[in-house]
Amino acid sequence: STLCLTGFPLGGGSAGCNALYQLSKRGVKAVLLERSKLTAGTTWHTAGLIWRLRPNDVEIQLLRSTRDLLTKLESETGLDPGWINNGGLYLANNKERLNEYSRLATVGHSFGIDSTIVSPEEAKKLFPLLDENVIHGGLYCPGDGVVDPAMLCTALTRSASKSGGQVIENCPVQNILTGKNGFGSKKVTGVTTPYGVIKTNCVANCSGKMI
């Protein structure tokens with residue numbers, strides 16, 4: 001059998017479920033293929049840390065967008081995505097690292113991310129199990145937190161399905177089909193599965209593996 005699509009995430013982990021969600025929200029006819037079950041790969045045992053301060057502007061904006069999505073996903077889907085806003089504490093065991101965190105805080109403030117440099121004593125108050133004698137201080141970001149990866153993927157795919165997205169489990173991709181465009185360059189034309197061919201001109205490899 002043959003199915004025609006315009007968007008095609010491969011891999012049912014966090015990356016694939018997020019891709020399906022974003023594509024479906026934008027009206028793209030998309031399907032996600034997972035060779036086993038959703039979150040059966042590395043997603044199921046990830047820590048789920050959402051720490052928004054990074055030395056790269058693009059990463060900061062992506063992480064901020066992720067947190068914004070997490071805070072509204074339950075009201076949108078009726079499902080708890082497993083988001084816990086318990087704050088993030090970045091520890092520095094030397095002066096150089098603390099200086100780096102000061103720069104991160106400055107960059108974060110330019111993006112509206114609240115954070116504070118804390119002393120060893122203040123860090124211990126935030127996390128009493130710390131030994132304040134072995135650190136130089138830290139960076140505290142109260143808006144950070146953790147998320148349950150499996151619960152997040154369930155909420156994302158539930159919302160995507162309401163917008164027309166599809167999830168097919170136990171469906172490995174055997175091959176990516178290619179052809180030539182009008183300029184003679186290679187282009188994607190579809191994928192083969194044990195159940196038939198799916199025609200598409202766009203494939204997103206979200207599996208973390210080469211295909």
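Colleague: How many residues does the chain have, and what share of them is buried?

Modeller: There are 211 residues, and buried ones make up 37% of them. Keep in mind that this is a predicted model.

Colleague: What makes a residue count as buried?

Modeller: Its relative accessible area has to be under 20%.

Colleague: Where is E34 found?

Modeller: Look in the loop between β3 (31–33) and β4.

Colleague: And which residues is E34 in contact with, leaving aside its neighbours within four places in sequence?

Modeller: Those are G11, G12, I168, E169, N170 and C171. To be listed as a contact, heavy atoms must come within 4.5 Å.

Colleague: What makes E34 and G12 a polar contact?

Modeller: A polar atom of the E34 side chain lies 2.6 Å from the backbone nitrogen of G12. The limit for a pair of N or O atoms is 3.5 Å, and one must be able to donate a hydrogen while the other accepts it.

Colleague: How far is E34 from R97?

Modeller: Their C-alpha atoms are separated by 41 Å, and the two residues are 63 apart along the chain.

Colleague: On to the pockets. Which residues lie nearest the centre of the largest pocket?

Modeller: G11, G12, G13, C206 and S207 do, out of 35 lining residues. Two or more lining residues come from each of α1 (14–25), β4 (49–50), α2 (57–77) and α5 (149–162). The volume of this pocket is about 800 Å³.

Colleague: What is the make-up of that lining by class?

Modeller: You get 17 nonpolar, 15 polar and 3 charged residues.

Colleague: What about the second largest pocket: what is its volume?

Modeller: About 230 Å³. It is lined by 13 residues, and G87, G88, L89, L126 and F127 are the closest to its centre.

Colleague: Which element gives the most to that lining?

Modeller: β6, with 3 residues. By class, the lining of the second largest pocket has 9 nonpolar, 4 polar and no charged residues.

Colleague: Last one: how many helices and strands are in the chain?

Modeller: There are 5 helices and 14 strands.

Note on methods
Residues numbered from 1 in each chain as written. Predicted model: local features only at pLDDT ≥ 70, side-chain atom pairs only at ≥ 80, totals over all residues. Heavy atoms only, no water. 1 Å grid on protein atoms, 1.4 Å probe; cavity = no way out; pocket = protein on both sides within 12 Å on 5 of 7 lines; lining within 4 Å. Points joined across faces, edges and corners; volume = space filled by probe spheres on them. Helix = DSSP H or I, 4+ residues; strand = E, 2+ residues; numbered from the N terminus. Nonpolar A, V, L, I, M, F, W, Y, C, P; charged D, E, K, R; others polar. Buried < 20%, exposed > 50% of the residue type's maximum accessible area, 1.4 Å probe, protein only.
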